[in-house]
Amino acid sequence: MGSRGCPNQCTFCCRVMGGKIRYRSTDVVLKEIEGLILKYNLDEIWFEDDNFTANSQRAHLILDSLIERNLGVYVKFANGVRADGVNSEILEKIKRAGCYSISFGIESGSPRILKLMKKNLSLEKARANVNLAKSLGFLVGSNCIIGYPGETVKDINESLDYFISLDLDSMAVVNLIPFPGTEARELCLEKGYLTPEASNWDNYVFDIQNPKILIETEFLSRGTLRKKINEAYRRIYLNPKRIYRIAKHMRLEDIAAGSRIMLSKIFENLKQQTRYTS
């Protein structure tokens, strides 16, 4: 972590590091990376900064130093990068610094829901930067949250259509987690949206295989939300072109594990459809 905190006001984010960014010394960050490589013989470094590109000048300084030192490791930004926080110059440096994969925190493809989330993101700008990253040779992923308070099935369909239209290699689709201290949780408490599962803190995790549905609204039942999550994964990962493109970068054991997950989701969706129609 080269910095902590994020100045944005997204209503779903617990922002445990605060709203003001505090920066560690660039020299200390780089020495720490070199020390970790020597001690543990690492081949990849993940940056966990809440918002790595918030300070463009600092981001360029760190990337320039990584390029100059040529440490021989891959780089990844585990928290994702704001889709409107990059341009061709910084993406080219990220690539030269050893990054092969980049994920954009877009969160929703519905302008109405982005507004409710206070995400303050242009979907057209996001699309342009996804295309730019692909043109530079990155594997590109994104994050999508569905089930936000006030979201309808129509909003979810609009959001998924947007993500499917992007040239993504991967996508993480998660239900909203009403973390304590967030505006989203306060709204859920006010409206009585929290489910019984929300009383167990062990459920406050992003579980792709078995999502814990922690809120239920007048617009979205738990069953409908699970159905839409399964639909999203089916649409994004059962595309033959995308399967071929992703498989080229995976080990056989990873392909097998991913296939098991997708098959379980297909069977779960079939069982849900049977239950709804019977």
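Guide: Contact means heavy atoms within 4.5 Å, while helices (H or I, at least four residues) and strands (E, at least two) are DSSP runs, numbered from the N terminus. This is a predicted model, in which local features need pLDDT of at least 70 and side-chain atom pairs count only at pLDDT 80 or more, whereas totals for chains, interfaces and linings use all residues. Residues are numbered from 1 along each chain as its sequence is written, and side-chain values use heavy atoms, with hydrogens and water left out.

Visitor: Which elements do the buried residues of helix 3 pack against?

Guide: Buried means under 20% relative accessible area, exposed over 50% and partly exposed in between, with a 1.4 Å probe and protein chains only; in helix 3 (residues 88-96) the buried residues are I90, L91, K93 and I94. These residues lie on the same side of helix 3, because they cover an arc of only 160 degrees around the axis, the arc being that of the directions from the helix axis to the C-beta atoms. The elements that the buried residues of helix 3 pack against are helix 2 (56-69), strand 4 (74-77), strand 5 (101-107) and helix 5 (123-135).

Visitor: Which residue caps the N-terminal end of helix 3?

Guide: Just after helix 3, G98 takes a positive phi of about 115 degrees, but the cap belongs to the N-terminal end. There a side-chain oxygen lies 3.2 Å from the backbone nitrogen of E89, and the residue that supplies this oxygen is N87.

Visitor: How many disulfides does the count come to?

Guide: A disulfide is counted as a pair of cysteine sulfur atoms within 2.5 Å. C6, buried at a relative accessible area of 16%, has its closest cysteine sulfur in C13, 6.6 Å away and too far for a bond. The sulfur of C10, a residue buried at 10% relative accessibility, is likewise too far for a bond, at 6.5 Å from the closest cysteine sulfur, in C13. By this rule, the count of disulfides is zero.

Visitor: How many residues apart in sequence are the parts that the pair of Y74 and Y100 ties together?

Guide: Rings of Phe, Tyr and Trp (its six-membered ring) pair if their centres lie within 6.5 Å, with planes under 30 degrees apart counting as stacked, over 60 as edge-to-face and the rest as tilted, and the count comes to nine aromatic pairs. Y74 and Y100 form an edge-to-face pair, 5.4 Å centre to centre with 80 degrees between the planes. Because Y74 lies in strand 4 and Y100 in the loop between helix 3 and strand 5, the sequence separation of the parts tied together is 26 residues.

Visitor: Is F179 buried or exposed?

Guide: F179 belongs to one aromatic cluster with W201, Y204 and F206. F206 is partly exposed, with a relative accessible area of 49%. For F179 the relative accessible area is 18%, and the class is buried.

Visitor: How far apart in space are I213 and I177, C-alpha to C-alpha?

Guide: I213 is placed in the loop between helix 7 and helix 8 and is buried, with a relative accessible area of 3%. Leaving aside neighbours within four places in sequence, I213 is in contact with N175, T195, E197, R222, L225 and R226. Although I213 and I177 are 36 residues apart in sequence, their C-alpha to C-alpha separation is 8.2 Å.

Methods. Polar contact = N/O pair within 3.5 Å; in protein donor to acceptor, adjacent residues only side chain to side chain.
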